[in-house]
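User: I'm new to this one and would like a close look at a single part. Could you pick one residue and walk me through its surroundings?

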Amino acid sequence: MAGAAAEERRLATVVESWLGRPVLVIGDAMLDEWRFAESDRLCREAPAPVLTLRRRISAAGGAANTAVNVAALGGRAVLVAPVGADVAGDELHDCLDRAGVWDRTVAQPGRHTPVKRRMLAGNQILLREDSGDPDDALDADGVQRLLTALDCATEELRAAARGEAPTLVVCDYGLGALPAPVRAWLVAARDRYATIALDAHDLADWRGLAPTVVTPSFAEATRLLARAASRTDSHLHLDHPAADPADGPSELSVGTAPGAAGVPAVSAPAGVSGAGASGAAPPPAGVPLGRPTGGTGEPTPGEDRVAMTGDGLSVTGTGVTVSALAGEGVDRAVLAEARLAELRAHTGADVVAVTLDTEGAVVGGADGTPRRSHSTPVPASHAVGAGDAYLAAMTLALAADAPLPTAAQLAQLAATITVSDTGTCVCRREDLLYALGARGDDAGHPVLVAPDELAAIVETQRGAGRSVVFTNGCFDVLHPGHVRYLEQARALGDLLVVAVNSDGSVRRLKGPDRPVNPVEDRVALLAALACVDHVVIFEEDSPAGLIEVVRPDVYVKGGDYPPEMVPEAPLVRRLGGQVRTLGYVPDRSTSAIIDRIRAHGHGTAPAGPEQVDAHGSTVSVPGRPA
């Protein structure tokens, strides 16, 4: 337990260290539009639902969402990207302004801002409409204005960071924001950036950039290997979906075209099993995969079809058979681990992080040791933009000189904690710190605090616009009723402060045989609960003194009586707060638990069932058998 806490503190220190770090994001910016509708019938014209629009949300997408995540995580984000002079472009500017991103986008008259419009009913995506033509190339003037903005933004960030070289993030999703002249400029200007992160659908276009880290999806990594192989064997090529590969999982791997002779499929050996086990034997190299010696890296004709089998391990498409010989238990993580060295060689990157959708990621660096991280499967509508959060956290961690295992942990955590609801994912710094056991701006304070420390903490939190919830009790034997009550209390505000009666106070209230657990144990258990932000001990019989110090926005008490009967209610209201009471939790009682323990020791039956308020006060339930 102590080791886990120390590790969380170490990770939180890295998050704190990247605060204000300058990051320039360039690439394909787009607008994500979410339309939430209701449907209770089918239309008469076709078997299609009739939708009634209830809510519409716009969010930054693509490179713009990566910049938003950098800013939300505490970095100083600047976005350079071509944006259309249209309504979608205006909405995107608003999204960037709200997120605190330095907007250095370049208006492109006559060119539309790319938009992904999703229509949902009951949180199920029914359809997606994409606008923005990737073939709508920037004209010469547009390219020159983009390069000027890129140069100026680089110097602006350097000046703001007092001469420190900024970090560069390149987001190339094939929508035309990064034509060849811009790519050439970035390759030539490589030395102007300390750390470079690259997220590109076609990694072959960026040969020569020598990025610090690349974050391809499994399909993108596979495509790069397949194209490298195709330069040495004309029979080998890869078919892939025309749709955005980042939209969902892909099971592609490298293999031979159906009917091709002499080139075996690339697969894992039959005995390999286990997801991402380090040290697993690499799959046999089916084709020579040296450094590319020619070709443009452009898709070959017909790379637009794929069929997936139901086992989730094999894919057969026109022109490629994937993992045809894979052994039982082999998954994408094993295949990715085996090819990390080749991916580093082909991209020139120090670090390769192959993302595996809901399966997490496989990360490899110069030491040759693969690192596996895991995620929690969620509906696809919850994971839109999670890769942007991963990229932003990975980049900031590496820019802050964090070790690769630490950067990989933080990146996966940032992606994982953003997928709790439908919408475009953004990971906030305070959410990441909270997941690490810290508390946002209050990360330097322990959970258990003294009354004088508490006053300063509350003042800081309230100054940041956060609401404070306060409750108190003995919490002698912590049980599920307490936990449920505290979770409900935490949901009423942004910060939960729990005041705990000292041992002397409990004896005066409950009798000489209480508490059964000393205050040190009681507060340690409370402090371990994720819903509790701070715990403070008070010696008095009443928490009135602490209430005056905290001035809570919400004071919570357990019981089914109205708030007017709470003794502290007049004081709380005089200080500007409100009083809430939470109901009884059936069959949960500190006294009943203690009685059962004592009865067990004496061989006697415990008293009849009771109900309890969340602080441990009991009420007998009449009419129920003992």
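Analyst: Let's go with Thr422, which touches Trp34, Phe36, Leu120, Asn123, Ser381 and His382, leaving aside residues up to four places away in sequence; contact here means heavy atoms within 4.5 Å. Before going on, a word on the source: this is a predicted model, where local features need pLDDT of at least 70, side-chain atom pairs count only at pLDDT 80 or more, and totals for chains, interfaces and linings use all residues. Residues are numbered from 1 along each chain as its sequence is written, and side-chain values use heavy atoms, with hydrogens and water left out.

Back to Thr422: its side chain and that of His382 are joined by a polar contact of 3.5 Å (a pair of N or O atoms within 3.5 Å; within protein, one must be able to donate a hydrogen and the other to accept it, and residues adjacent in sequence count only if both atoms are side-chain atoms). Thr422 counts as buried because its relative accessibility is 13%, and buried means under 20% relative accessible area, with a 1.4 Å probe and protein chains only.

Helix 10 covers residues 404-416, and its 13 residues reach 18 Å from first C-alpha to last, close to the 18 Å expected at 1.5 Å a residue (1.5 Å times one less than its number of residues). Buried residues in helix 10 include Leu404, Leu410 and Gln412.

How values were computed
Helices (H or I, at least four residues) and strands (E, at least two) are DSSP runs, numbered from the N terminus. Buried means under 20% relative accessible area, exposed over 50%, partly exposed in between (1.4 Å probe, protein chains only).
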